[in-house]
Every structure is written in C-alpha cells, then in structure tokens.
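I opened this entry to keep track of what I looked up, in the order I looked.

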Amino acid sequence: MAFVTRQIIRTLTTSAARNAAIKHVTIIGGGQMGAGIAQATASTGHTVVLVDTSEDILKKSARGIEGSLKRVVKKKFADKPEVGDEFIQKVMKNVSTSTDAVSTVQSTDLVVEAIVENLKIKQGLFSALDKAAPQHTIFASNTSSLPITDIARSTARLDRFGGLHFFNPVPMMKLVEVIKTESTSQETFDALMAFSKALGKHPVTCKDTPGFIVNRLLVPYMMEAIRLHERGHGSKEDIDVAMKLGAGYPMGPFELLDYVGLDTAKFIIDGWYEMEPDNPLFAPSPMLNKLVAEGKFGKKTGEGFYKYK
C-alpha cells in the first residue's frame, strides 16, 4: 500500500511539474535565431540562459540583443526614454550566458535548440543534455527542415520533445509553428503552446512533416520560380515584379531566396529530395546548384540571383 501511495504521489508530482508554467529557459545557439529567441523570451519576464561554444560568440550575441532592444525602445518609448532605458536593463538582467550546456540544463524548464541544421550534431547535443536535464524539462528544436522525430530519437524523453519553429527576425515575427510528433504528449504540446502565447506570439499547430507549414509551401514555391526561369518562361526580374504586384507579396521569390540564403534553400531541398526522391516538388535545380557551388549565396556574400554592393 505504501508503495502504491508513493507511486501515486510521484505521478501527481510529475504531472504538476509538467503543467507548471515555463519560467526558466535554456537556448542553445547564440546565432541570429538563438539570440532573437532569447530576446523575445527575456522580454516577457522569463529567465534565459543563452549557450554557445565560446565567450566571443556569446558577447556578440549579447551586444546584438541589446542593440535590437534599443531599436525597439526607440519606437515604443520615443517620448519616455528613461522608461525605455529601464526596460532594456530589466530585459538584459533576465539573460545570462554559458558555454556549458550540460550544467545549464540541470535547472531549466525548457531547452530550445537553435544550432546548425545537421541531424547528427543535433542528436549528439540532445543525447548529452537528456542525461543531465530533470525529468520535467521539455526539449524543443527550432529546426526548419529536419524531422523532429529523428532528432528526438536521440533521447529517452520522446513524450517531452516537440518543435518550436520561430521566424526571423524573432522579436518582430508573430508566428511560431508548434510541432507535435506522434510521441509528443498532450501535456508537452499544451505547455509549448502556452509558452508561445506567453511570448506574445501566435502559435499554429503542425504535424511533423517536411517543412511543417510555412516552409513546406514556401520552399517549393521558390524552387518553381527558379524552374520557371530555367525554362526561359520569365526573367527573374519579371517573376519578382509579378509576384509582388500580382500576389501582393513583399518580396519576389528571387529576392526572398537571396535574403534567406541560396545555400540554405539548397540544403533544405536536397534533404527533402533525399527523403522523397519521387516528389517533383523536391527536385533539385541545376541553376541553384551552380550558384551555390560558386559561393554566391545571396545578400550575405554580396551576390546570389542579384548583386549587392
């Protein structure tokens, strides 16, 4: 009887812990996405630890967050600069940094991973973190193209693993795709939805399919624009203008490809093609492959489909 009672208490305690609001968040990856997620999370009163492999990267991340906050304050508190300064200080106090991910996750409610889009590297990271994190800790990946299920298999917490796909720039973009795998528990999914709403975001529910919702529609659209141009059915300039004026898009597909990065687009489509080689939507593009091979990735390299000064 005592054993049964202990089991009931343990179950209730675990359930209560999972249903508790997420307060302490560890973000792995100090790049643009990770820093953006850290800013959005810290701005809503959560305690954040931003983790990366070097202090130099983390210092750059912190400077980036502070600079972004100053831009926010300039608009939001234009007539009250002292209130704006106080807001920045308050948010920055909520953010700390570390190069030791394993130690950090020992006292966190949620881990959000935003590192390189490499399945083996992500699996290795989560495998190590799984051994150190408390039972109630939820794991989430910000991957935009890899299956959440494949990443989660490296852990023993399939029920406490989901996807949180933010969009760049994170502080400005309202959407978050919340991905529920076949193994993700309803408690975990509800916690991730509640966390997204607490950040002031608009979460949408996604199945664990290639590209989720946005990229599943967006990447094939961009690829078809390239194929249209490859076939000689339209210049890149005319295709961009047509989609902006005809569909009301803020950028044409070639402008968007250069903004996203041609290397990133190629990585995504190559991965999907490997998974579903018979799907014509995922067919690779010789033109895209050639530009990437030449190191023309878009805006970040000064040239992609267009040239940038």
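**Salt bridges**

I searched the whole structure and found 14 salt bridges, a salt bridge being a side-chain nitrogen of Lys or Arg within 4 Å of a carboxyl oxygen of Asp or Glu. The model is predicted, so local features need pLDDT of at least 70 and side-chain atom pairs count only at pLDDT 80 or more, while totals for chains, interfaces and linings use all residues. Residues are numbered from 1 along each chain as its sequence is written, and side-chain values use heavy atoms, with hydrogens and water left out.

I looked at Asp130 and Arg157, whose side chains form a salt bridge at 2.5 Å, N to O. This pair links distant parts of the chain, 27 residues apart: Asp130 is in helix 6 (residues 119-132), and Arg157 is in the loop between helix 7 (148-152) and strand 6 (161-166). I noted that helices (H or I, at least four residues) and strands (E, at least two) are DSSP runs, numbered from the N terminus. Both Asp130 and Arg157 are buried; buried means under 20% relative accessible area, exposed over 50%, and partly exposed in between (1.4 Å probe, protein chains only).

I then took Asp270 and Lys266, which meet at 2.7 Å, N to O. Both lie in helix 12, 4 residues apart, about one turn of the helix. An α-helix has 3.6 residues a turn, so residues three or four places apart point the same way. Asp270 is partly exposed because its relative accessible area is 27%.

**Helix 13**

Which residues of helix 13 are buried? In this helix (residues 286-293) I listed Leu288, Leu291 and Val292. Seen down the axis, they fall within an arc of 100 degrees, so they line one face of the helix; the arc is that of the directions from the helix axis to the C-beta atoms. They pack against helix 9 (214-230) and helix 12 (262-275), where contact means heavy atoms within 4.5 Å. The face turned away carries the exposed residues Pro286, Lys290 and Ala293. Lys290 is also linked with Glu294, Lys296 and Glu303 in a network of salt bridges.

**Thr181**

I found Thr181 in the loop between strand 7 (175-180) and helix 8 (186-198). Thr181 counts as buried because its relative accessibility is 8%. Its side chain makes a polar contact of 2.9 Å with that of Thr184. A polar contact is a pair of N or O atoms within 3.5 Å; within protein, one must be able to donate a hydrogen and the other to accept it, and residues adjacent in sequence count only if both atoms are side-chain atoms.
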